[in-house]
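Here are my notes on the model you sent over.

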Amino acid sequence: MTLAEGCLGAVSTGVAICLLYYFIGNSARRLPLPPGPPGDPIIGHLRSLPQENEPGKVYHEWAKKYGDVMRVTILGRSMIILGSQQAATDLLEKRRGIYSDRPDTPVYDIMGWSVNLVFTKYASTRFRKLKRVFQQTLSQNGCVQFQQTQIENAHILVNDLMKNKGDYVYLIGRYSTSISMRIAYGHQIRSDDDEYIKIGTEGANSFLVGGTPGATMIDLFPILKHFPAWFPGTHYAETARTWKPVVDRMHNYPYDVVREEMARGLAKPCILAAELQRRGEQVLSDEDVSVLKGVAGAVHAGGTETTSASLALFAMAMLLYPECQKRGQEEVDRVVGRDRLPTFEDKSSLPYVSCIVQEILRWHPSVPSGVAHRSTEDDIYRGMFIPKGSVVIPNIRGISLDENVYKNPTDFNPNRFLPKSVGGNGEPVFSAAFGFGRRICPGKYLALRSVWIAVATMLSTVHITKAKDKHGNEIVPPLEFEHGLISHIKNFPCNVSARSETAHNLVVDAVGYIDG
Ligand code: HEM
């Protein structure tokens, strides 16, 4: 074969491949898009998308009519809602190569959240750097190094609950903030006026004012962020600018403190100090500093509200389903006894307690609509065309309510996860609580351990009962939630008391040993 013939052959093959792609691409575009409820001309579903009410529940009802892969549009942008474990696994996990990006979130970028892994674009060096630190420190084995911190904070929690009795939701928030701050920055929270509680709470509040990430008018039309504040639709950009100093302070203040403590040889072991030490004498670029602030900030921002929302649900479940509390307490008493407190070594012998934790995560998932993914290529699924650039939402709440998988899904029933051989329903563990694919929650193992040790320690030492009104009648709190990226149960009254004098003394002793 001559050189000319060879070149001709290569060119013809190239042209044939291009034509094939062109025809496949075109025929894919001729396939039906996923079905969905009717929308308005031009604006699409802007008016009909649920905002106030529980969106995941509304999507779940729509899915009964339109299927578990639904499409809605907002001003021409496609949003695909996945309503079953099967569809979410097929796309977000099995085709992770094309469903792992995040949509643009200019509102959160203006606020200063772009340092955080959750908003980082998939195909970026920054994503790989942030992910590496999480994978190394918070893997299933890596988490074990933090168990003493978790145990100590569980003891502080029950001690405070016994003293403060009714202030459950606040103390749970303090428990999860303490764990995050200690792991990220080596700082143990000891009092209510601690600066870390203040900056953490303020930073977390910014999530309540930024709208749904990727779905505000500014996210859809970023040009609007340059328009004056009076212009319709610009409101989120203005709000975001107001909150920027708060979010910046949340990232900067603890970073500066740890650096200063390291310089004086006083820094406590934590993720930030370990990462700084790893870099030794090396001069840090602005990007390095921003990655370090992002890692530590993500431990706090990703872990605090989600963990406390889950534990707030635990108390509500114990109030509404006292028989589950009784069964959990009996299991702990049988395995751990009454003369010591639970440890992680007891975990494998306490299956019902683990089922309680699983059921908290399923009953009302704390991130009900997940965090939106974005597709980076055209795709075909079950004969439907999913255009490149679609925002893809795993409806975690909908998956938790799937009647084909979970019997009577609105009931709190830990027994559903026990094998049939021991009288359970043998239903599958609800893994969707932590998301999917390459964006799956990197704090999953830490979170599961923080929730487990708090639940086991509470079952061992305290009794949670309904509060009474002024006439002595028990108050049955309604199951109501504040809906945002993270779904929080609305504050509710309850009583928490020591289960026995022995339990009280054990806790007081344990707290006395915690190192200042
Ligand atoms: C019960 C507690 C928790 C729940 C229910 C939860 C749930 C989730 C969910 C649903 C996602 C989105 C996954 C996806 O996009 O598919 C996520 C992402 C994330 N979570 Fe968690 N999480 C919890 C605790 C934590 C903890 C303790 C940390 C940190 C130590 C953490 C850090 C993160 C980060 C950094 C991301 C973003 C990951 C990425 O975008 O690649 N989370 N979490």
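**Notes on the predicted model**

1. Burial first: 52% of the 516 residues of the protein count as buried. Keep in mind throughout that this is a predicted model.

2. On overall dimensions, the radius of gyration is 25 Å, which agrees with the value near 24 Å that a compact globule of 516 residues would have. Along the principal axes, the C-alpha atoms fill a box of roughly 90 × 60 × 60 Å.

3. The secondary structure comes to 17 helices and 10 strands. If you take the contacts between residues at least 6 apart in sequence, 72% of them join residues at least 24 apart.

4. Which residue donates to the iron atom of the ligand? C441 does, through SG at 2.3 Å, and C441 is the only protein donor. As for where to look for C441, go to the loop between α15 (396–400) and α16 (444–461).

5. There is an open sheet of four strands, with mixed pairing and the order β1-β2-β6-β3. Its edge strands, β1 (69–74) and β3 (373–374), each pair on one side only. β3 is joined to β6 (residues 391–394) by two bridges in the antiparallel sense, and R374 stands opposite V391 in β6.

6. Two helices to view together with that sheet are α2 and α3. Helix α2 (residues 55–66) packs on the sheet and touches β1 and β2 (77–82), with its direction at about 115° to that of β1. Helix α3 (residues 85–93) lies across β1, β2, β3 and β6, and runs at about 125° to β2.

7. How many disulfides does a search of the whole structure find? A disulfide is a covalent bond between the sulfur atoms of two cysteines. For C270, the closest cysteine sulfur is in C143, and at 15 Å that is too far for a bond. C270 also counts as buried, at 7% relative accessibility.

8. C324 is likewise a cysteine to check, and it is in no disulfide. The nearest cysteine sulfur to C324 belongs to C355, 11 Å away, whereas the cut-off for a disulfide is 2.5 Å. Is C324 buried or exposed? With a relative accessible area of 6%, C324 is buried, as the limit for that label is under 20%.

Methods: Residues numbered from 1 in each chain as written. Predicted model: local features only at pLDDT ≥ 70, side-chain atom pairs only at ≥ 80, totals over all residues. Heavy atoms only, no water. Donors = N, O, S within 2.8 Å, 3.2 Å for Na, K, Ca; no water. Pairing = 2+ DSSP bridges. Contact = heavy atoms within 4.5 Å. Axes fitted to C-alpha atoms, helices over the stretch in contact; angles between N-to-C directions. Buried < 20%, exposed > 50% of the residue type's maximum accessible area, 1.4 Å probe, protein only. Rg over C-alpha atoms; globule rule 2.2 N^0.38 Å.
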